[in-house]
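Please read them alongside the coordinates.

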Amino acid sequence: MISKYQSIHHNLANQELDWLPNDTKEWYAHNLKHNYQQLADNGWINTHFKYAFNSHGFRCQEFTPDPSIMFLGCSFTFGIGLPVDVIWPELVAQRLNMRCANLGIGGSDLNTAFRLASGWIDRIRPKIVVLMIPSILRFELITDRIIQILPQDVHQQVRPFYATWCQNSYNAELNAEKSILAIHMLCHLRHIKFLRYEWQELNHSEHRSALARDLRHWGAIQHELFSQKVLADIGK
């Protein structure tokens, strides 16, 4: 049975992996063959790192009572294709001298962000919450056995619903607005500073060739520059 507030990666708790979906060994081999120069230009030839998960299945340290900052979002927050020490949540937390509570989940949506914020905010007790808004066309669906994210996990039985839901953009827009307001209210009621950003803000067009190891996500320099923006908005 799925737990209400668990990470999609709960089965990876306390593990370290060399590869994850979207940054797989097979995809890397494909890029070695077809996009070697891009890998070389970004320093990914024979460069290795681990994806380490805490005991709750999140890509960060264990949660403690020490001052922390919570991050919510999708793969751009989780840091697919990059070592953990160069992704923007870690950079922001380090420079604030806080622990990084990174609840980002690759491929996830705003429903995921709200679900995790609601379930963990009183356990982590962060001083600041930062939301990077994922694509609003995604939609989380929890069943007894798995957590699906539409559209990438669209099963036959839910395709008619999702197709209908997508026909009018108001559905996605209203769902996004509700989730963002709900996360904001969770923070407001606890006197926690809340910041929100669109996922596109991570990209700096002048560095668009800087890419992560999967060549699908933006690279370390983008994360560094974005971390500076977040710190400036926090006032550091």
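Strands here are DSSP runs of E with at least two residues, and helices are runs of H or I with at least four residues, both numbered from the N terminus.

1. The model is predicted. It contains 2 cavities of 30 Å³ or more.

2. Strand β4 (residues 99–102) supplies the largest share of its lining, 3 residues. The lining consists of Gln61, Glu62, Phe63, Thr64, Ser68, Arg99, Cys100, Ala101 and Ile124. By class, 4 of the lining residues are nonpolar, 3 are polar and 2 are charged.

3. The second largest cavity holds about 30 Å³. Here helix α5 (residues 110–124) gives the largest share of the lining, again 3 residues. Leu72, Gly73, Leu103, Ile105, Ser108, Asp109, Thr112, Ala113 and Leu116 form the lining, which divides into 5 nonpolar, 3 polar and 1 charged residues.

4. Asp109, one of the residues lining the second largest cavity, deserves a separate comment. Asp109 sits in the loop between β4 and α5. Is there a salt bridge to Asp109, or no salt bridge? Asp109 is buried and has none; Arg115, the nearest side chain of opposite charge, is 7.2 Å away. A salt bridge requires a side-chain nitrogen of Lys or Arg within 4 Å of a carboxyl oxygen of Asp or Glu.

5. The side chain of Asp109 does have a polar atom 3.0 Å from the backbone nitrogen of Glu140.

Methods. Residues are numbered from 1 along each chain as its sequence is written. This is a predicted model: local features need pLDDT of at least 70, side-chain atom pairs count only at pLDDT 80 or more; totals for chains, interfaces and linings use all residues. Side-chain values use heavy atoms; hydrogens and water are left out. On a 1 Å grid over the protein atoms alone, a cavity is a set of points where a 1.4 Å probe fits but cannot get out, and a pocket is an open set with protein on both sides within 12 Å along at least five of seven lines; lining residues have an atom within 4 Å of a point. Grid points are joined across faces, edges and corners, and a volume is the space filled by probe spheres set on the points. Ala, Val, Leu, Ile, Met, Phe, Trp, Tyr, Cys and Pro count as nonpolar, Asp, Glu, Lys and Arg as charged, and the others, Gly among them, as polar. Buried means under 20% relative accessible area, exposed over 50%, partly exposed in between (1.4 Å probe, protein chains only). Lys and Arg count as positive and Asp and Glu as negative; His and the chain ends are not counted. A polar contact is a pair of N or O atoms within 3.5 Å; within protein, one must be able to donate a hydrogen and the other to accept it, and residues adjacent in sequence count only if both atoms are side-chain atoms.
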